Amino acid sequence: MPINFDTALGVHEQALYSRARRAEVLGSNIANVDTPGYKARDIDFREALGKAQQNRSISLANTQSGHISAADNQRHIEAGVKYRNPYQPSQDGNTVELHIEQAQFADNAIRYQSTLTFLGSKFSGLKNAITGGR
Amino acid sequence: MFNILDIAGSAMNAQMLRLNTTASNMANADAVASSENEAYRAKQPVFSTVLKGLNSAGVAVSGVTESTAPVARRYEPGNPQADGEGYVYVSNVNEVEEMANMISASRSFQNSAEVFNTSKDLMMRTLQLGK
């Protein structure tokens with residue numbers, strides 16, 4: 001069995017990427033808490049990860065130079081971005097609710113770390129297989 | 001992931017400018033001038049969103065506006081700044097508003113610093129991956 005990073009790492013590689021994207025979106029929300037007219041956004045993680053995976057299993061062949069690569073999973077993750085529904089929108093059109101964004105950011109950071117831990121164990125498993133447990 | 005450091009940095013920058021304008025407003029709260037046009041008017045920065053990628057948005061200061069609140073006139077004939085009729089013109093800074101503004105800016109700054117630190121920790125842990 002050849003060691004292939006795509007099959008060895010499983011879903012975690014995409015999960016880490018999606019988590020990093022989500023951290024950027026949530027970070028933008030927190031940064032723009034005082035910007036008039038800013039609309040808070042979030043990534044629907046389930047949808048983003050689903051699309052990233054779907055993208056991996058169904059691949060389109062590029063038979064001509066003009067074909068657009070279907071493996072460009074970044075665009076699919078971007079598609080999962082949605083505007084947040086505010087509980088209490090403010091008068092200046094800003095829909096950032098700081099407590100929600102902070103909670104989501106902390107949640108995302110912890111999940112990012114757990115994905116990192118999973119990836120780390122995958123790597124140590126691979127190392128173990130390579131060295132034969134020595 | 002590196003984008004997020006930029007975003008948090010731009011937010012801290014904008015909040016710092018807001019703190020600076022608040023500081024100059026507070027410092028000039030009691031400043032007097034000899035005409036209405038020369039009187040100090042409270043300054044306030046205007047924030048706007050700057051796209052730093054497809055979905056990440058930083059903050060920029062698109063300008064600084066001056067308060068249009070009326071400037072008070074005070075009768076102080078002994079003041080060397082007084083005009084011909086003995087009046088001085090006081091700044092239109094509202095100190096209560098400025099204090100609230102200062103606390104809001106410092107809280108927002110702290111939030112962005114927290115985002116920066118958390119992201120930095122996550123990046124450091126990512127670098128340690130596989131060791």
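Helices here are DSSP runs of H or I at least four residues long, and strands are E runs of at least two, both numbered from the N terminus. What you have open is a predicted model, where local features need pLDDT of at least 70, side-chain atom pairs count only at pLDDT 80 or more, and totals for chains, interfaces and linings use all residues. Residues are numbered from 1 along each chain as its sequence is written, and chains are lettered from A and ligands numbered from 1 in the order in which they are written.

Start by selecting helix 5 of chain A, residues 98-131, and pick out Gly125(A) inside that helix. Buried or exposed? Gly125(A) is exposed, because it has 11 C-beta neighbours inside 10 Å. (The cut-offs: 20 or more other C-beta atoms within 10 Å is buried, 12 or fewer is exposed, in between is partly exposed; C-beta atoms are placed from the backbone.)

Next, show chain A as a whole. You'll find five helices and two strands, in the order α-α-β-α-α-β-α. Of the 134 residues in chain A, 27% are buried.

Then bring in chain B. Here 27 residues of chain B are in contact with 26 of chain A, contact being C-beta atoms, placed from the backbone, within 7 Å. Helix 2 of chain B gives the largest share, nine residues.

Conventions: Contact = placed C-beta atoms within 7 Å.
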